[in-house]
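Trainee: Could you take me through one part of this model up close? I'd like to look at a few charged side chains and what they pair with.

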Amino acid sequence: MSHSFDKVGVLGAGIMGTGIATHLANAGIEVVLLDIPPPDGKGGRNAFAEGALAKALKSKPASFFHPSRRALIQVGNLEDDLPKLAECQWVVEAVKEDIGIKRALFERLEKVLKPGTIISSNTSGLPLAEMVAGRSESFQKNFLITHFFNPVRYMKLLEIVTGPKTDPKIGERFAAFAADILGKGVVFGKDTPNFIANRIGTYGLMRAVKEMEKVGASIEEIDAIFGPALGRPKSAVFQTADLVGLDLLVAVAEHCYHGLPKDPERDLYKPPAWLYEMVKNKQLGRKADGGFYKKTEKTESNPKGLLAWDYKDKAYRPLAKVRIDSLGVAKNTDDLAKRMKAVVFASDRAGEIAWPVLRDTLAYAMRCAHEIADNVASVDDAMKWGFNWDLGPFETWDALGFAEVTKRMTADGIELSPWLKTLVDQGAAGIYAGLGAKAGRTADPKRRSLADMKKAGAKVVKSNSGASLIDIGDDVLALEFHTKGNAIDADIVGMLSDSISYAEEHARGLVIYNEGEHFSFGANLMLIYMLAEQKSWDQVEEASRMLQQGVQRIRYAKVPVVAAPHGMALGGGCEICLASGSGAGLRPHAELYIGLVEPGVGLIPGAGGTVNTLFGMMERIPEGARVDSLALVAQAFQQIAMAKVATSVEEARAMTYVPLHAQVTMDRRLLLWDAKQTVIGASQAGYRPPLPRAFRLPGESGIATLKLMVKNLVDAGQATPHDGVIALKLAEVLCGGAAGHTREVTEQEMLDLERAAFVSLCGEEKSRARMASMLTTNKPLRN
């Protein structure tokens, strides 16, 4: 039996219910979304659900992968349309956090659902036993809590809580569905207030607030300390609170305070008076006019355009710069463990604040780990996936040095829990080392990382400073980039060519994959800029030629070469994906941000991006169809000239950066496995590379049309004169040159035109100024 669902019912069209519904649609699942009818009757009886989806279509960041996914969601209301839920295999409730409302709804629901339908609640902390009180054995057997985090599309964590009567197979089936189909990181929590992530995360936040008050620190200091320096997101403490909403933060803290009467540290959850006052004054964060931070006009003295809340003076003031020696050291330290140690064990102000907060947070996680979860790995994963920590509390403990942290804790009077004291008495090297399998870190062969494979002895066939070729088993190889930002340089291009040659002789095929935050930010711009500044035009042309040849080898390799992009795939990273997609295929992650952004740095694509974008569009036209090629050229022209970046895999598919037939991986942890299976499948099917392409293009008349379009934009002030220079070069390439209409233009002719335009633009002073601006400020220059 498949662990997916054909149709799902979502009850409640608030922020969470709508988020769940849209993400289910993203995964290709039909949804019935119901909410109450408007009390005043305005807009029709389904107005609340319809209005919620209308907002979702406009939301930023986008809820839908593509607006077309809206068609998978059917709306209705909770008074007229409950019978429609009989068609659903799973129904999730996301109505108001009121036990009475939920129980009344479940009573009505039980009367219309088919036997075996899974029912869940998205409650963030209400007791499961109380919600299902009075329901039948069958209902309780199929009931569980599925706590998604907001925004549902982007937050990986899903906490599952089962009851004593829940069929264990239901939990297992749902966990597999959530991970494989929805791409979630699943942890099983226990039926305790706020489950795992919000329990630990809220404690850590409130502990930071207490320390801030104690030492008189500013919110900027706290955020500077508890951000990337300690392996936490840039939003740190108070920017995270602004994102969540101060009203929700207070509600979650109060829920812990009232729901944990026996917790020795219960009082820590009680928000300070000034925080209550902020909520009363509607200082709720980003959804309001301001919270801990407030937007203001950007100035030379306040380049971020932010004001910070002074909780002592109860007023906003300009941001204060935080300068602490250990934070400076951490900023220049890539190794996470060393970075954290530089701050936590420092004798300066950062260390004096960081240590007691982190110490108490780790100790709290130690004390309640087995109360809230089955194992320490679930706690760690919940914090990484729900609060975007780089390491969970127990992984942090190990990274800082198990013995050192434990020694300092006990010296500070912290009593160790029996399970942890046992590890100390046994002389364990760390929490995970001491617990072994009991830590709960199970190995899923489909989710093995490349790093784990190498640790287990996977053979590194070839390697240089830019990339490595690794044998990942089953006669499949993986090419891994490891430059900064996975920027494509001469080492990567050389290794790409060598890897394809080796795969053609010794393997079924090759996966292009890496485990960086992003697939690739593009070609090494610094190299191009330096050559251009030195006016080494022959070397610029040769660099472009090597890039073109290396990337085109992906398409024409004798064995399948499959790129597996994730995150950002920009410029040259996009060009690798285009070549892969036009050849053996592409296996993208759902969260793919892909585009040809070279015009932003004063250039056009220089590694086949123009030809593979345009010819990819033209290949979708049925043979014999009478289609004006200029329309397709204009589409490719606008897409590239405006440096458009798709913000999901489905947007990328609509822009032809992802092939129509490409299957998508929702869980990034499965990406390497899925790409490997794509290679194996193509090989077993007797893969043969595609034939070279040639198309008749608009030529001189097309160039004239696009030139007029650009002139109008420049005249209207919507583009700069230099934008016009870049666009005209691009137009000449995409139209196949002035003679493009006289014959079919081959791929090689297109590549030659692209390379000549690329070199020409490198000779433009304003293009070099754009490159310099990007290299120094990471921002494109509008000149």
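Trainee: Does Glu 747 count as buried or exposed, and at what relative accessibility?

Mentor: Keep in mind that this is a predicted model. Glu 747 counts as buried, because its relative accessibility is 6%, under the 20% cut-off. Its salt-bridge partner is Arg 693, with N and O 2.6 Å apart. Arg 693 sits in the loop between α27 (671-684) and β19 (694-696), while Glu 747 belongs to helix α30, so to speak a link between distant parts of the chain, 54 residues apart. Arg 693 is buried too, with a relative accessible area of 6%.

Stay on helix α30 (residues 747-762) and you'll find Arg 755. Arg 755 makes a salt bridge with Glu 541, where the closest N and O atoms are 3.5 Å apart. Glu 541 is in helix α22 (residues 537-556), so this pair ties together parts 214 residues apart in sequence.

Now compare Arg 339 and Asp 390, whose side chains meet in a salt bridge at 4.0 Å, N to O. Arg 339 is in helix α13 (residues 336-344) and Asp 390 in the loop between α15 (376-387) and α16 (393-411), 51 residues apart. Arg 339 counts as buried at 14% relative accessibility, and Asp 390 as partly exposed at 40%.

For context, the structure holds 51 salt bridges.

How values were computed. Residues numbered from 1 in each chain as written. Predicted model: local features only at pLDDT ≥ 70, side-chain atom pairs only at ≥ 80, totals over all residues. Heavy atoms only, no water. Helix = DSSP H or I, 4+ residues; strand = E, 2+ residues; numbered from the N terminus. Buried < 20%, exposed > 50% of the residue type's maximum accessible area, 1.4 Å probe, protein only.
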